[in-house]
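The sequence and the structure are shown first, and the description follows.

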Amino acid sequence: MNISFTKLNRPKKGALVCGVVEGGKLSPTAYKVDNETNGLISTAISCSQFTGRSHQTLNVFTPSNRILLIGLGKPSQINLAFAEKSGGVIYEALANSGEEEATIMMEVDDFKSVEIAAHLALGALLRSYRFDSYKTKITKEERPSLVNLFISIEEYSYAKKVYEVEAAVAEGVFFTRDLVSEPANILFPSEFAKRVALMTSLGLKIDILEEKEMARLGMSAMLGVGQGSEHESQVVIMLWEGGDKNQKSVAFIGKGVCFDTGGISLKPSTAMEEMKFDMGGAGVVCGLMRALAKRKAKANVIGVIGLVENMPDGKAQRPGDIVRSMSGQTIEIVNTDAEGRLILADLLWYTQDQYKPEFMINIATLTGAMVVALGEETCGYFSNNDILAGELQAAANAVDEAIWRMPMGEVYNKQMDSDVADMKNAGSRWAGAITAACFLERFVNNIPWIHMDIAGVTWLRNNLPTAPKGASGFGVRALNRLVLDHCEKKV
Ligand code: BES
Ligand code: MN
Ligand code: ZN
């Protein structure tokens with residue numbers, strides 16, 4: 001779908017979208033149309049339940065146009081996140097309506113700022129995402145009819161500028177959704193790496209470590225996970241150097257388990273197909289790097305992803321095995337299904353060792369326990385640093401991605417001690433998301449760090465206003481915002 005910004009003008013063809021504040025009067029254009037049509041709009045409103053409540057919609061047909069009324073609720077509710085949701089609702093209402101064009105007229109007082117217009121457009125764009133490359137029988141009716149969406153606003157050229165930055169971020173979100181949606185027979189580690197490597201054309205520096213190199217570096221914790229797979233494990237390092245030379249780098253590290261069977265500690269077969277999204281953390285890091293490159297962020301950012309497939313096989317790692325991580329610390333594998341932390345252990349160590357970043361954030365679909373704790377709506381995060389935690393929380397709030405800080409501490413950490421090695425890779429049933437975080441912290445050497453457990457929020461079972469069901473891309477926008485606020489704001 002093309003989105004463009006045009007002068008404040010009533011469209012000659014296609015659908016016309018007008019906002020209505022709750023209980024409020026019609027916008028100037030809607031009022032005009034109402035007059036010209038002997039009160040078609042006001043009659044439709046009075047005959048329906050439409051009151052202008054948030055996200056309510058009502059279609060009114062005049063001889064020349066479809067008019068889509070969209071409820072804006074109370075003016076006090078209107079903010080950027082609300083605008084995005086409204087944009088998504090408008091897209092959904094028109095996508096398969098048969099209309100090829102629609103024009104949103106931004107003329108209601110509380111809804112006519114440039115930022116609101118840009119975010120309305122962003123919401124529509126985010127909702128328009130589709131992953132249908134494997135569908136061979138899509139009918140004309142199933143394919144969205146809407147090809148052109150116009151946002152009609154006084155300051156259209158400025159609105160376009162604001163929107164273009166957001167659209168760059170949305171491209172990152174779409175890249176994440178594409179990667180996460182792919183099945184594991186298509187997107188195995190080397191194929192994943194290959195797709196990421198295509199981003200060199202955007203100015204990213206990309207380096208791929210193969211198993212031989214990983215072994216030379218001593219990454220036995222990560223290598224053990226992929227041992228039972230026919231596919232080679234890979235580490236991909238992405239560098240975006242958009243900041244000053246003397247500006248410190250920040251690092252993002254993603255879990256990329258292209259498929260998680262659990263290994264010898266095999267998962268039950270119910271819903272195992274969902275484990276194709278166990279590379280969601282890596283997907284977010286790649287989407288973030290794409291967004292930063294697309295909007296030419298003035299920051300120095302490192303993205304590191306660990307790509308493996310966790311399979312049971314004659315060569316697979318066994319429960320009881322002991323591995324030596326790159327940090328030198330030994331790990332007793334008590335459950336081969338607790339594999340994500342083994343990958344992150346080596347990558348956290350490698351990233352600090354190699355790049356000395358100002359802070360590190362890892363992002364992973366790490367534990368089922370996280371989903372039990374916060375459900376599929378909120379991402380839990382863990383940190384050793386209150387300032388960084390506050391910055392991430394503020395960034396996520398600003399883009400309306402729900403995150404919640406979880407506790408850590410010695411009482412949890414000691415559950416990861418092993419009788420035969422420095423630690424074991426799984427604790428008891430209780431507080432499983434927290435003990436996983438404590439395990440990771442053992443590989444952080446006194447630098448500010450955050451672990452985001454996105455197990456619940458990576459895959460949507462239902463449509464949201466700004467995302468169709470399926471891969472959500474959750475996290476790209478919050479992390480992009482964090483980079484913007486932390487690295488790019490002038491002092
Ligand atoms: N990838 C899973 C976690 C997961 C579960 C993500 C459900 C999304 C939805 C992870 O590798 C895993 O299997 N974790 C185990 C850890 C346990 C063995 C300590 C879990 O959560 O059961
Ligand atoms: Mn697992
Ligand atoms: Zn996993």
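## Ligand 1 and its surroundings

In this predicted model, a polar side-chain atom of Glu 339 lies 2.8 Å from an oxygen atom of ligand 1. Asp 337 likewise places a polar side-chain atom 2.8 Å from an oxygen atom of ligand 1. The backbone of Leu 366 also takes part, with a polar atom 3.5 Å from a nitrogen atom of the ligand. A polar contact here is a pair of N or O atoms within 3.5 Å; within protein, one must be able to donate a hydrogen and the other to accept it, and residues adjacent in sequence count only if both atoms are side-chain atoms.

Ligand 1 is surrounded by 16 residues, the closest being Lys 267, Asp 278, Asp 337, Glu 339 and Gly 368. A residue is counted if one of its heavy atoms lies within 4 Å of the ligand.

## Salt bridges

The structure has 28 salt bridges, each defined as a side-chain nitrogen of Lys or Arg within 4 Å of a carboxyl oxygen of Asp or Glu. One of them joins Asp 278 to Lys 255, at 3.2 Å from N to O. This pair links distant parts of the chain, 23 residues apart: Lys 255 belongs to strand S9 (250-260), whereas Asp 278 is in the loop between strand S9 and helix H9 (280-294). Helices (H or I, at least four residues) and strands (E, at least two) are DSSP runs, numbered from the N terminus.

Contact, meaning heavy atoms within 4.5 Å, involves 13 residues of domain 1 and 11 residues of domain 2. The area buried between them is about 1,000 Å², with 56% from carbon and sulfur atoms; buried area is the accessible area (1.4 Å probe) that two parts lose on being put together, summed over both. In domain 1, Leu 126, Arg 127 and Tyr 134 lose the most area to domain 2, together 46% of what that side buries.

Between the domains there are 2 salt bridges and 4 residue pairs in polar contact, both residues at pLDDT 80 or more. Arg 477 forms a salt bridge with Glu 84, the closest N and O atoms being 2.9 Å apart.

## Basis of the values

Residues are numbered from 1 along each chain as its sequence is written, while chains are lettered from A and ligands numbered from 1 in the order in which they are written. Local features need pLDDT of at least 70 and side-chain atom pairs count only at pLDDT 80 or more, whereas totals for chains, interfaces and linings use all residues; side-chain values use heavy atoms, with hydrogens and water left out.
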